Structure formats: structure tokens, C-alpha cells
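Q: Can you walk me through this one? I'd like to start with the loops, then move to the ligand.

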Amino acid sequence: MNLTKFPRRRYTEGQTPIEFLPELTKVLGGPNVYIKRDDLLGLTGGGNKTRKLEFVVADALDKEYDTLITCGAIQSNHCRLTLSAAVKEGMKCRLVLEERVVNSYDKNASGNNFLYYLLGVEKIKVVLGGSNMMEAMEQVAEEVDKEGHKPYIIPGGASNPIGATGYVACAQEIQNQMHEKGLNFDKIVVASGSTGTQAGLITGMYGCNMNIPIWGIDVSRDKEIQEKAVYDLVQKTADHVGVNSSISSNAVTCFGDYWRPQYSLLNAGTSEAINMLAQIEGILLDPVYTGKAMAGLIDLSRKGVIKKGENVLFVHTGGSPALFAYQKEILN
Ligand SMILES: *Cc1c(COP(=O)(O)O)cnc(C)c1O
């Protein structure tokens with residue numbers, strides 16, 4: 001894979017750290033846990049969408065678009081970061097927000113919602129849960145077009161082959177760091193939502209011949225549905241970046257046991273994980289993605305599915321700005 005053929009903007013200086021988590025490792029008494037600090041990526045507040053946007057926004061600029069349109073949930077890290085990239089590039093940005101939990105939208109809410117306004121969003125449109133988001137964004141694009149600007153639509157989570165290329169690049173970065181530090185990982189664990197992160201990592205690791213399983217912890221869907229969605233993007237991304245041999249669907253493993261009762265709503269394991277990581281490692285997780293993913297890692301370690309003595313890398317995909325919209329639920 002030669003990613004230099006794609007236009008790319010750079011939003012992070014250097015590599016994000018890989019750190020050992022000694023206290024979590026002690027508490028779990030099983031695997032050695034490492035963390036890839038993608039919560040420290042560039043753009044406002046960091047997180048995984050920054051890597052995807054390096055390729056997606058570069059594509060938009062390359063084609064001379066001037067307005068980014070994207071969508072997400074009401075506390076969307078992806079919307080915050082797309083807006084941040086637009087600010088940095090001197091572009092405009094409009095958001096379509098999906099109210100996935102009935103009556104949950106509050107224009108004055110904290111967290112990412114507050115940051116939309118602080119970052120100077122041009123326009124926000126809120127639609128009901130279950131709406132066709134692509135259609136809603138196309139309507140916004142028509143408005144932008146009528147106003148004489150050039151709209152570029154980014155799908156939810158920037159999870160298309162161009163965006164997932166950011167995590168193909170991340171797989172190369174992890175490979176470098178493994179060489180530099182003399183580390184080997186038996187497994188990589190990551191939150192799996194709109195699928196671009198897990199699909200990009202799977203494609204990238206395969207393309208690097210690394211043979212490390214990438215386990216996704218679902219945040220919104222059951223196992224089989226998520227695995228199918230991830231595999232679909234793996235195939236498209238492999239094609240896009242030029243991985244020659246075909247990747248088997250066996251390369252995709254997801255766990256659907258940790259996301260309920262619903263996307264973006266806390267459960268006991270998630271609360272435990274958020275409090276634990278804050279109090280023993282000083283690391284902030286988030287309630288929607290990384291808290292659920294870490295709850296999965298903890299449970300799979302306790303059950304011995306992730307085995308004693310194995311080295312496991314948790315990819316911290318960010319999201320801590322959303323914590324500030326969940327203060328009461330988390331400090332229980
Ligand atoms: C979007 C997001 C994810 C999920 O990544 P996908 O590529 O959508 O699967 C995980 N963590 C955080 C903090 C996110 O914002």
C-alpha cells in the first residue's frame with residue numbers, strides 16, 4: 001500500500017503515543033494492557049475522526065469545494081471535528097443532527113453541542129431519529145448550492161473508503177511503533193460504530209502483513225449486523241488503497257454484548273470502565289464509545305477470552321468532550 005498517492009492534510013504532529021497501563025493491568029490480573037492515545041490527535045478535542053478527515057477534507061479541497069456538510073448524533077464527536085477542520089481550512093460547515101433518543105436534543109446542552117456554537121457552526125438542522133440522513137444532507141447541499149457555494153457531503157463518521165484510509169495509515173503507524181519499541185500485540189481492541197475505524201485498521205494490518213486480530217466492540221448494533229457492515233467497508237477500502245489479495249470475512253470480529261440499552265445511553269459496565277480508568281490511570285473515556293469499548297475489554301479479560309499474559313492494545317478513539325453532557329449519570 002502506498003498511501004502517498006492520496007491528497008492528505010496533516011492535523012497531528014508526529015504519532016500518537018502508545019502507553020502501557022500498569023494499574024489497569026494489575027487490576028485485571030490477566031493481559032498486559034496498552035493504549036493508543038488517539039484521544040490526543042489534532043483538531044479541537046482530538047479523537048479518531050481527525051485521522052479520517054485528513055484524507056476526506058484533502059479530497060474536498062482538491063476538488064475545490066468550500067462548504068462541508070456532515071451528520072451525526074446530537075453529541076457527535078465527528079460533527080465537532082469536521083467543524084474544527086472547516087475552521088482550520090477556512091471553509092464553511094453545516095451539520096445535520098439526528099435526535100436518536102426521543103426528546104434528547106437541547107440547544108443549550110454542554111459537551112460537543114456547546115462546542116458546535118463555540119466553533120462558529122454556520123447552520124444546524126435537527127431531524128428525528130430514523131430519518132434518512134443522506135437525504136437530509138442533500139437538502140442542505142441544495143440550499144448551499146443556491147447560495148452560490150460548493151457543498152461537499154461527508155457521510156456519518158466519515159466512514160467511506162477515503163475516510164477509512166486514515167485508519168489504514170494508523171495501522172502503518174502502529175506497525176512502526178511496534179518496531180521502535182520492540183512490542184508485539186496479540187490483539188487490538190477498538191470501539192466500532194460507523195465502521196471506518198475498525199475497517200481501516202483491519203485493511204491496514206492486512207496490507208502490512210501484520211496478522212493481528214482487530215476486535216470491534218459494537219456501540220450501536222448486534223454482532224452479525226456490525227460484522228457485515230465492517231466487512232463491506234473493508235472490501236471497499238482494500239480496493240481503494242490497493243490491497244491486492246482479497247481479505248476474508250473471518251478477519252472481522254465484533255462483540256455485540258456491551259452497547260445496550262441503546263446507542264449513547266450508559267450501562268453499568270460503561271460507568272464502571274469510565275470511573276476505573278479515570279481513577280487508576282487518569283485517562284478520560286467517554287460514555288458513548290470508548291467507555292463501552294473498555295467495558296468490553298474488561299469483561300473479555302475477566303472471562304479469559306483475552307488471555308493472561310497476552311499483550312492487548314486498546315485504541316482510545318477519543319470522545320471525552322461528550323463527558324460534560326453526562327455529568328450526573330457518570331458520577332453516581
Ligand atoms: C466515531 C467514534 C467512534 C467510532 O468509530 P467509527 O469509525 O465510527 O466506527 C469511536 N469513538 C469515538 C470517540 C467516536 O467519536
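Predicted model: local features only at pLDDT ≥ 70, side-chain atom pairs only at ≥ 80, totals over all residues.

Q: Fine. Where is Pro-261 found?
A: Pro-261 is in the loop that runs between β9 (253-255) and α9 (268-281).

Q: And which peptide bond is cis there?
A: The one joining Arg-260 and Pro-261. Its omega is about 20°.

Q: What about Glu-64, what is its phi?
A: Near 65°. That is a positive value, and the residue is not a glycine. Glu-64 belongs to the loop between α2 and β3.

Q: OK, ligand now. Where does the ligand sit?
A: In the largest pocket. That pocket has a volume of about 620 Å³.

Q: How many residues surround the ligand?
A: There are 16. The closest are Lys-49, Lys-52, Ser-194, Thr-197 and Thr-317.

Q: Which elements supply that shell?
A: α2 (49-62), β7 (187-192) and α7 (196-207) each put at least two residues into it.

Q: How does the shell divide into nonpolar, polar and charged?
A: Two nonpolar, 12 polar and two charged.

Q: Which polar side-chain atoms lie by an oxygen atom of the ligand?
A: Lys-52 has one at 2.6 Å from a ligand oxygen. Asn-48 has one at 3.0 Å from a ligand oxygen.

Q: And what does the backbone of Thr-195 do?
A: A backbone N or O atom of Thr-195 lies 2.9 Å from an oxygen atom of the ligand.

Q: How much of the ligand does the protein bury?
A: 98% of the 380 Å² that the ligand exposes when taken alone.

Q: Back to the pocket. How many residues line it?
A: The lining of the largest pocket has 36 residues. Nearest its centre are Arg-100, Gly-156, Gly-157, Gly-193 and Ser-194.

Q: Which element gives the most to that lining?
A: β3, with three residues. At least two residues each come from α2, β3 (67-73), α3 (77-89), β7, α7 and α8 (223-241).

Q: And how do the lining residues divide?
A: 20 are polar, 10 nonpolar and six charged.

Terms used:
Residues numbered from 1 in each chain as written. Heavy atoms only, no water. Near = heavy atom within 4 Å. Polar contact = N/O pair within 3.5 Å; in protein donor to acceptor, adjacent residues only side chain to side chain. Areas by Shrake-Rupley, 256 points an atom, 1.4 Å probe, with all protein chains shown as cover. 1 Å grid on protein atoms, 1.4 Å probe; cavity = no way out; pocket = protein on both sides within 12 Å on 5 of 7 lines; lining within 4 Å. Sits in = over half its atoms within 2 Å of the grid points. Helix = DSSP H or I, 4+ residues; strand = E, 2+ residues; numbered from the N terminus. Nonpolar A, V, L, I, M, F, W, Y, C, P; charged D, E, K, R; others polar. Points joined across faces, edges and corners; volume = space filled by probe spheres on them.
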